[in-house]
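Open the model in your viewer and keep the selection tool ready.

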Amino acid sequence: MTQLKNDLILRVLKGEKTERVPVWMMRQAGRYLPEYRVLREKYGFFERCQTPELATEITIQPIDRIGVDAAILFSDILVVPQAMGLEVQLIESKGPFLPAPIQSAADLQRITVPDVHDRLHYVFDAIKLIKKELHGRVPLIGFAGSPWTLLCYMVQGKGSKTFDEAKAFCYQQPETAHRLLQMITDTSIAYLQGQIAAGADLLQVFDSWGGLLSESDFETFSLRYMRQIVAALGDKVPVILFAKGAWFALDKMKATGAAGLGIDWCVSAQKARSFAGDDIVLQGNFDPAKLLAPIPVIQAEVKAMLRAFGGHHHIANLGHGILPNVPVDHARAFVDTVKECSINHD
Ligand code: CP3
């Protein structure tokens, strides 16, 4: 095993005080990078995910270009529904499309809890290759979508602002919804365990649509399953839970045993801290649209964010994925400002 040269993020997740705040960006491997767009012209989206050499190249692009403190595996949360047997397409400028979504108990017969080593071996191969090519420069983040967020796509069949059909399915056919959530959970546990075995240094679970649920429905349809995932993974590697919009559940998410909690920009650092308590790492929470502001504004706002979090138990990140129209030098200004301004002198 190559020794990590930069293990800041892992030390922060262990609760240690570090010389500065680590920084990475959700969706850092993606369309705002010209070198990504070159590969996008040549290869289809899932071809890029399924070819370890391409996934490796794309994963490492933001390390070279903007100097983030962690790499995140280039893949997508939707490879899991695909491995379970649903067709998933990614339509240019429209997003995900599942032509035959789940709508009834009978539809569950079309999907399985697959052998992840058979259906998702390309992800594990990519992780092994990325770890080799990184030469220990930074840790590698593996990930999965949360069961609730995957259900949203598997039932609605496409992106949505409200995921009303997915919610209707849960409220009209709760028993089927829970069977589906359990199948996704079982698949995700095996998938994330495979990612650890292949070399992922830490994991993030993306619950992008957790904030669409009421507090009690979040417990019923989302948190219950994320809790199972965190428990099954044990303490082999740190796990970060990011449930966008679900700041109301930070205390319960902490109680799962996760090492870190992601927050978006709609909750202040101070409020998030008061909900989550002192002894947990918070990750976030810069508004991704603010990266479109002039660079001096970005620098001032990043400094304000760092001050608000207080320099400890914090991983600097955006509050959601980077937007495709962000200029690369603005992304770099975000990273550089964190690196320059978060030095702890005590
Ligand atoms: O963060 C990274 O750089 C690693 C790779 C990554 C991608 N998707 C690549 C991707 C990760 C971690 C994801 C997670 C993901 N995928 C989430 C959770 C995080 C979030 O943003 O809420 C969700 C909900 C998805 C589903 C998905 N995939 C959508 C809605 C879309 C279309 C919208 C969009 O951003 O283009 C995708 C496609 C996708 N996944 C792209 C990338 C780089 C764009 C593909 C392209 O056009 O080249």
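**Stop 1: the ligand and its pocket**

Select the ligand. The space it takes is the largest pocket. Keep in mind that this is a predicted model.

How big is the volume of this pocket? The largest pocket has a volume of about 1400 Å³. Its lining is made of 40 residues. Select Arg27, Arg31, Asp76, Leu90 and Pro96, which lie nearest the centre of the largest pocket.

Now colour that lining by class. Next, show the secondary structure. H2, H3, strand E2 (89-91) and E3 each give at least two residues to this lining.

**Stop 2: the shell around the ligand**

Go back to the ligand and select the residues around it. Which ones come nearest?

**Stop 3**

Zoom in and draw some distances. Start with Ser208: an N or O atom in its side chain is 2.5 Å from an oxygen atom of the ligand. Move to Asp76. Here an N or O atom of the side chain is 2.7 Å from a nitrogen atom of the ligand. Then select Ala29. This time a polar backbone atom is involved, 2.9 Å from an oxygen atom of the ligand.

How much of the ligand does the protein cover? On its own, the ligand has 860 Å² of accessible area, and the protein covers 90% of that.

**Stop 3: Arg27**

Select Arg27 again, one of the residues nearest the centre of the largest pocket. Arg27 lies in the loop between helix H1 (8-13) and H2. Check its backbone angles. Most residues other than glycine have a negative phi. Arg27 is not a glycine, yet its phi is positive, at about 65°.

**Stop 4: the second largest pocket**

Among the 17 residues that line it, select Leu10, Lys14, Lys236, Val237 and Pro238, the closest to its centre. By class, the lining of the second largest pocket has nine nonpolar, two polar and six charged residues.

**Stop 5: a cavity**

Where is empty space left? Rolling a probe the size of a water molecule over the atoms shows it. How many cavities of 30 Å³ or more does a search of the whole structure find? One. The largest cavity has a volume of about 50 Å³.

Select its lining: Ala243, Gly245, Ala246, Trp247, Leu250, Met253, Gly262, Ile263, Asp264 and Val267. Seven of these lining residues are nonpolar, two are polar and one is charged.

**Stop 6: a cis peptide bond**

Finish at strand E8 (residues 281-286), and select Asn285 in it. Look at the peptide bond that runs from Gly284 to Asn285. Is it cis or trans? Most peptide bonds are trans. This one is cis, with omega near -10°.

Note on methods. Residues numbered from 1 in each chain as written. Predicted model: local features only at pLDDT ≥ 70, side-chain atom pairs only at ≥ 80, totals over all residues. Heavy atoms only, no water. Polar contact = N/O pair within 3.5 Å; in protein donor to acceptor, adjacent residues only side chain to side chain. Areas by Shrake-Rupley, 256 points an atom, 1.4 Å probe, with all protein chains shown as cover. 1 Å grid on protein atoms, 1.4 Å probe; cavity = no way out; pocket = protein on both sides within 12 Å on 5 of 7 lines; lining within 4 Å. Sits in = over half its atoms within 2 Å of the grid points. Points joined across faces, edges and corners; volume = space filled by probe spheres on them. Helix = DSSP H or I, 4+ residues; strand = E, 2+ residues; numbered from the N terminus. Nonpolar A, V, L, I, M, F, W, Y, C, P; charged D, E, K, R; others polar.
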